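Keep the structure open beside you as you read.

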Amino acid sequence: MVGNWKMNGDRGSIAVLLSGIRAASRDRAAAGAATLVVCPPYPYLAQAAQALEGSGVQVGAQDVSSYEAGAFTGEVCASMLIDAGCAWTLVGHSERRMLLGESDALVAAKGRRALAGGLGLIACVGETLEEREQGRTEAVLARQVDALGELAASARADRFVLAYEPVWAIGTGRTANPEQAQAAHAFIRARCARAGFADADSIRLLYGGSVKPSNAASLFAMPDIDGGLIGGASLVSEDFMAIARCAAPAA
Ligand code: PGA
């Protein structure tokens with residue numbers, strides 16, 4: 001269960017959020033059995049790692065550089081993220097693909113660096129509303145998954161997670177219904193196998209897009225939905241933990 005905090009919060013509000021998550025994660029029954037990861041903005045990663053130390057809740061970044069290190073102004077590389085206490089990074093979030101023009105090739109290059117540097121990878125895919133309405137959902141997902149195929153050799157299932165996030169469901173309050181999400185997840189899993197991922201059956205596939213405590217259980221009950229990538233609701237520790245409790249334990 002991954003909380004994507006996006007560009008929200010400040011030192012004070014993040015301290016409150018972290019202590020809420022830490023307190024709730026102490027109680028196994030309250031926390032549920034899911035693996036928990038939170039992804040704060042870069043300046044708060046070390047704060048998060050320190051606040052969550054020993055809690056079992058892991059820290060992830062929201063992005064990583066496709067470069068290794070050196071003269072790349074504004075970039076943050078995998079080794080720095082590990083140094084700051086991260087175990088994971090997101091890549092390919094639709095906000096970055098759309099607002100910053102990140103291509104499939106750049107997303108794959110970032111993924112390659114993350115895995116080579118020792119980070120676990122959470123790669124995001126998903127279609128826009130226009131693509132869905134034009135009947136192009138599977139073609140878009142196939143293109144995005146195939147572009148990640150070059151990672152298949154280096155991506156073990158415990159360090160490689162895919163998140164299906166239909167762009168039309170992100171931050172809109174409009175969730176894919178469980179059947180729509182399941183159909184996309186089943187397609188993505190099959191496409192991973194075709195793209196060369198030997199352990200496609202055990203890759204964890206997260207659903208993201210307006211997941212809330214009220215709709216989480218029905219989504220996570222679907223056979224190919226293994227967890228969630230939670231945006232807005234992850235900014236309230238009670239809601240994030242309530243969603244986490246709806247997840248099945250990690251395989
Ligand atoms: P949302 O965002 O839960 O606020 O829709 C999900 C995401 O973008 O990761």
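A residue is called buried when its relative accessible area is under 20%. The model shown here is a predicted one. Take Ile-14, which sits in helix 1 (residues 11-26). Its relative accessibility is 1%, so Ile-14 counts as buried.

What does Ile-14 touch, leaving aside residues up to four places away in sequence? Its contacts are Trp-5, Asn-8, Gly-9, Pro-41, Tyr-44 and Gln-47. Pro-40 lies 26 residues from Ile-14 along the chain, and the C-alpha atoms of the two are separated by 8.3 Å.

## Strand 4 and its partners

Now turn to strand 4, residues 88-91, which is covered on both faces. Trp-88 and Leu-90 are buried on one side, and Thr-89 and Val-91 are buried on the other. To get here from strand 3, the chain passes through helix 4 (residues 78-83), making a right-handed β-α-β crossover.

Strand 3 (residues 58-61) runs parallel to strand 4, and two bridges join them. Opposite Trp-88 of strand 4 stands Gly-60. Strand 5 (residues 120-125) is also parallel to strand 4, with four bridges between the two. There, Ile-122 is the bridge partner of Leu-90.

## Helix 6 and its cover

Helix 6 covers residues 104-117, 14 residues in total. From first C-alpha to last it reaches 20 Å, close to the 20 Å expected at 1.5 Å a residue. Just after helix 6 comes Gly-118, with a positive phi of about 100°.

Which residues of helix 6 are buried? They are Asp-104, Val-107, Ala-108, Ala-109, Lys-110, Gly-111, Ala-114 and Leu-115. Among the elements that cover them are strand 4 and strand 5, along with helix 4, helix 5 (94-99) and helix 8 (137-147).

In soluble globular proteins, nonpolar side chains tend to be buried together. The largest nonpolar core here has 67 residues, and those touching the most other members are Met-1, Ile-21, Leu-162, Ile-188, Tyr-207 and Phe-220. Helix 9 (residues 178-194) gives the most to this core, with five residues.

Have a look around Leu-162: not counting residues up to four places away in sequence, Leu-162 touches Ala-123, Val-125, Leu-148, Ile-188, Cys-192, Ile-203, Arg-204, Leu-205 and Leu-206.

Note on methods: Residues numbered from 1 in each chain as written. Predicted model: local features only at pLDDT ≥ 70, side-chain atom pairs only at ≥ 80, totals over all residues. Heavy atoms only, no water. Buried < 20%, exposed > 50% of the residue type's maximum accessible area, 1.4 Å probe, protein only. Pairing = 2+ DSSP bridges. Right-handed = clockwise from strand over helix to strand, strands pointing away. Expected span 1.5 Å × (residues − 1). Contact = heavy atoms within 4.5 Å. Core = buried A, V, L, I, M, F, W, Y, C linked by side-chain atoms within 4.5 Å.
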